[in-house]
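Here are my notes on this one, as numbered points. Have the viewer open while you read.

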Amino acid sequence: MTMRRVDPRRTPTRRAAGLLAGLALGAALLAGCSSEGASTDCGLDACTVTFDRGVDARANILGVEARLIGADGDQVTVEVAGEQLSLTVGQQAADVGGLAVTLDSVTETEVRIRVARTANG
């Protein structure tokens, strides 16, 4: 009879636990957004933030805070990572701290921006 030593790191229970831990970490990264007066839809490298107009709207995404300062017609002022940006729909992305910020849409009730990590960010 051959006696084999079982490596505890290789048991099915350990592998399942490792897989679950990895999935939980991935979910935490995707859900790592918080907001007030805004909703977020985040992936690993980009988030869409929909701000409610007329309230103190802010969201923490991709490790930075994004905040709606104001909107006048189709021009919006937001603060991302501590820098104020004036954006209009269709404008080329504004670069701030390794993030590309674009204005997706403006309505009477909400403002939607997209914040994405840049290739060199």
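This is a predicted model: local features need pLDDT of at least 70, side-chain atom pairs count only at pLDDT 80 or more; totals for chains, interfaces and linings use all residues.

1. Let's start with D72, which is exposed, at a relative accessible area of 65%; exposed means over 50%, buried under 20%, and partly exposed in between, with a 1.4 Å probe and protein chains only. D72 sits in strand β5, residues 64-72.

2. Residues are numbered from 1 along each chain as its sequence is written, and side-chain values use heavy atoms, with hydrogens and water left out.

3. For the overall layout, the chain has 1 helix and 10 strands. Helices (H or I, at least four residues) and strands (E, at least two) are DSSP runs, numbered from the N terminus. In sequence order the pattern reads α-β-β-β-β-β-β-β-β-β-β.

4. Next, the open sheet: 5 strands in the order β2-β3-β10-β9-β8, with antiparallel pairing. Its edge strands, β2 (38-42) and β8 (94-96), each pair on one side only. From one strand to the next the twist averages 25°, with axes being lines fitted to C-alpha atoms and angles running from 0 to 180 degrees between N-to-C directions. Strands pair here if DSSP finds at least two bridges between them.

5. Within that sheet, β2 and β3 (residues 46-52) run antiparallel and are joined by 5 bridges. C42 has C47 in β3 as its bridge partner.

6. Have a look at the β6 and β7 hairpin too. β6 (residues 75-80) and β7 (residues 83-88) pair in the antiparallel sense over 6 bridges, and E79 is partnered with Q84 in β7. There are 2 residues between the strands, and A81 takes a positive phi near 55°.

7. What about the inside? Beyond its neighbours within four places in sequence, V101 is in contact (heavy atoms within 4.5 Å) with residues including V80, L85, I113 and R114.

8. Lastly, some chain totals. Of the 121 residues, 26% count as buried. Among contacts between residues at least 6 apart in sequence, 28% join residues at least 24 apart.
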